[in-house]
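Reader: I have a model open and would like to go through it with you. Could we take it piece by piece?

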Amino acid sequence: MSAGCIPVIVADGYILPFSEVLDWKRIAVTVLEDELENMIQILESYSQEKIYELRQQVNFIWQKYFSSPKVIALTTLQIINDRVFPYAGKSYEDWNDIPNTRTLKNPLFLPLRPPSAQGFTAVILTYDRLESLFKVIHSVAKVPSLAKVVVVWNNQKKSPPPMTSWPDIGKPLKFVKTRKNKMSNRFFPYDEIQTECILALDDDIVMLTADELEFAYEVWREFPDRLVGFPSRVHLLDNTTNKWKYESEWTNDISMVLTGAAFYHKYFSYLYTHAMPVELKTWVDEHMNCEDIAMNFLMSNVTGKAAIKVTPRKKFKCPECVNTEMLSSDLSHMIERSDCINQFTRIYQSMPLKNIEFRADPVLYKDDFPDVLKKYKDIGML
């Protein structure tokens, strides 16, 4: 490894060093003892791109964890520390991912677990769907941890209705009228937002229950530096064109959570508004699309971590929409979203999105127990 060679391991059942935290599948080639006679063919099956990727990982792992007795000792102590204090332990990405030198440096100290008393602010982007908007407001008002609702009115041709006609929800409700119809307006750090946590919502997401939203907020409190939400998507590499594709089919892999219904820390609104590449923001505003993908790129680029999907819902529909087909099934929509991913990758000069096979569900969600024993009862099905 010190010479930059890729280890080839032929030892069934052998426990590799620091295998508790290091992913050796990304470092070495493992050949079963029964396959020893085929080893040459197995090694020749690896492409030059895969070999280059393995060598990069070998060099990174060697330098960080094995390069000297001191480094090995510190690695051992870190593993022991993670066992004793698992809530503050390093994540899989921290142990195994090569740091992205192009990431922004986060000067904000995000607490391990933000206080629940503060709650969250629901920021709802709308244009001119009052009936659906009011349903969303009524729905989110039932969530115990809601602190305030802020409606971003993106229609400059029409004024919002008087406050007397807005729903009475027993919580503060404010609206902000924007100067220009831009999708990026949903991520502006408005003065009206006083909580650390923001729930970004579209004005047609009427299907989420109070239990689902409350549970998602609790998940965000565990991962305040992540984008935590419901509708998920994945990016895939098209081997024929060597370009990225935006995919919305049902899959266990996800790399994005759409901000039509997602929790995130307010700090990322400041980054989106003031620190994100200008070319990227211009693309979003000119195409009136992909602001959610841009936020996923931004957060993954800053943190090096993946978004988190909660609860099993996979399909989201707008009941009030005339077209009953999902927008994501529109071919031109999918092509434009794919173009966004390729443009953003070019601007960042890397692909910061992280693929992950993970979904957070409540304890006892599908277990056959009486509802009285379940904290979150009203969780949607697949």
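**Contacts, helices and loops**

Author: Leaving aside neighbours within four places in sequence, Leu-130 is in contact with Trp-153 and Pro-161, where contact means heavy atoms within 4.5 Å. This is a predicted model, in which local features need pLDDT of at least 70 and side-chain atom pairs count only at pLDDT 80 or more, while totals for chains, interfaces and linings use all residues. Residues are numbered from 1 along each chain as its sequence is written, and side-chain values use heavy atoms, with hydrogens and water left out.

Reader: In which helix is Leu-130 found?

Author: Leu-130 belongs to helix 5. Helices (H or I, at least four residues) and strands (E, at least two) are DSSP runs, numbered from the N terminus.

Reader: And how does Leu-130 count in terms of accessibility?

Author: Leu-130 counts as partly exposed because its relative accessibility is 26%. Buried means under 20% relative accessible area, exposed over 50%, and partly exposed in between, with a 1.4 Å probe and protein chains only. The C-alpha atom of Leu-130 is 9.5 Å from that of Trp-166, which is 36 residues apart from it along the chain.

Reader: Which residues of helix 5 are buried?

Author: In helix 5, residues 130–140, these are Ser-132, Leu-133, Phe-134, Val-136, Ile-137, Ser-139 and Val-140. They pack against strand 3 (120–126), strand 4 (146–153), strand 5 (173–177), strand 6 (197–202) and helix 6 (210–222).

Reader: How many residues of helix 6 are buried?

Author: Eleven of its 13 residues are buried, so helix 6 is mostly covered. From first C-alpha to last, helix 6 reaches 19 Å, close to the 18 Å expected at 1.5 Å a residue; the expected span is 1.5 Å times one less than the number of residues.

Reader: Changing topic: at what angle do helix 8 and helix 10 pack?

Author: Helix 8 (residues 278–287) and helix 10 (residues 331–348) pack at about 165 degrees, and their axes are 10 Å apart. Axes are lines fitted to C-alpha atoms, for helices over the stretch in contact, and angles run from 0 to 180 degrees between N-to-C directions. The angle makes helix 8 roughly antiparallel to helix 10, a term for angles over 145 degrees. Helix 8 contributes Glu-279, Leu-280, Trp-283, Val-284 and His-287 to the contact, and the residues from helix 10 include Asp-339, Cys-340, Phe-344 and Tyr-348.

Reader: What does Glu-291 touch?

Author: Not counting residues up to four places away in sequence, Glu-291 touches Met-183, Arg-186, Phe-187, Thr-259, Tyr-272 and Val-284. Glu-291 lies in helix 9, residues 291–303, and counts as buried because its relative accessibility is 5%.

Reader: Now the loops. Which phi does Phe-18 have?

Author: Phe-18 has a positive phi of about 55 degrees although it is not a glycine. Phe-18 sits in the loop between strand 1 (8–9) and strand 2 (29–30), and counts as buried at 16% relative accessibility.

Reader: And Asn-242, buried or exposed?

Author: At 60% relative accessibility, Asn-242 counts as exposed. Its place is in the loop between strand 8 (232–238) and strand 9 (243–247), and its phi is also positive, near 60 degrees.

Reader: Finally, how many helices and strands does the protein chain have?

Author: The protein chain has ten helices and 13 strands. Of its 382 residues, 48% count as buried.

Methods: Parallel < 35°, antiparallel > 145°, perpendicular 65-115°, else oblique.
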